[in-house]
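User: Could you take me through the ligand site in this structure? I would like a close look at that one part.

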Amino acid sequence: MTPFVCWTLFLSLFLLQEPAPSPAPVAPIPADAARAVNPFKPTPESQARAKKIYGYDCALCHGESGDGKGGAAVDMKLKMRSYSDPEALKDLTDGELFYIIRHGKGAMPAEEEARAKDEDVWNMVVLVRSFARK
Ligand code: HEC
């Protein structure tokens, strides 16, 4: 093979390459889910329950006080928002927070029905928002 043929072959192989697959897009939150409104009125008991579940399932990443400095998040070098900052959640609706907690997002696992009923998840939405008011 002459260098010219070699080069042409190389070039055509290079040009015929499939483009690299781009990462799977994150599914957007359905509009009706984003508009959902908390149907449960939080009570001291339901908030205490949400706080307990948060302690088991969320604090390892989001931190006991919602500062985003939980041990697992630090170890995994996750980029976390601090919920003590009142700006942190201002662009997300309650419905979006519910959806993210229930379905997970990126590195965050879904909180399944078996671990938290809808009422518990709604109470976690209230809890997470309350971190900013301290
Ligand atoms: C493995 C670590 C991890 C655990 C456990 C975890 N989260 Fe998250 N969470 C994240 C990360 C990372 C994000 C940002 C995801 C993104 O935007 O890609 C996030 C996002 C969120 C959001 C959306 C607002 C934001 O900060 O972007 C809420 C609300 C939330 N988490 C609440 C919870 C609750 C409640 C639990 C427990 C049921 C929980 N998380 C468990 C890591 C975690």
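Analyst: Happy to! Please keep in mind that this is a predicted model.

Let's start with the surroundings. The ligand sits in the largest pocket, and 20 residues surround it. Cys-58, Cys-61, His-62, Tyr-83 and Met-108 are the closest of these.

Now to the metal. The iron atom of the ligand has two protein donors, NE2 of His-62 and SD of Met-108, at 2.0 to 2.1 Å. These two come from distant parts of the chain, 46 residues apart: His-62 belongs to helix H4, while Met-108 lies in the loop between H6 and helix H7 (118-130). The iron site has six donor atoms and is octahedral, with angles of 83 to 179° among them. For reference, the ideal angles for six octahedral donors are 90 or 180 degrees.

A polar side-chain atom of His-62 is 2.7 Å from a nitrogen atom of the ligand. On the oxygen side, Arg-81 places a polar side-chain atom 3.0 Å from a ligand oxygen, and an N or O atom in the side chain of Lys-105 lies 3.1 Å from an oxygen atom of the ligand.

Methods:
Residues numbered from 1 in each chain as written. Predicted model: local features only at pLDDT ≥ 70, side-chain atom pairs only at ≥ 80, totals over all residues. Heavy atoms only, no water. Near = heavy atom within 4 Å. Polar contact = N/O pair within 3.5 Å; in protein donor to acceptor, adjacent residues only side chain to side chain. 1 Å grid on protein atoms, 1.4 Å probe; cavity = no way out; pocket = protein on both sides within 12 Å on 5 of 7 lines; lining within 4 Å. Sits in = over half its atoms within 2 Å of the grid points. Donors = N, O, S within 2.8 Å, 3.2 Å for Na, K, Ca; no water. Tetrahedral: all angles 85-135°; square planar, octahedral: opposite > 155°, others 65-115°. Helix = DSSP H or I, 4+ residues; strand = E, 2+ residues; numbered from the N terminus.
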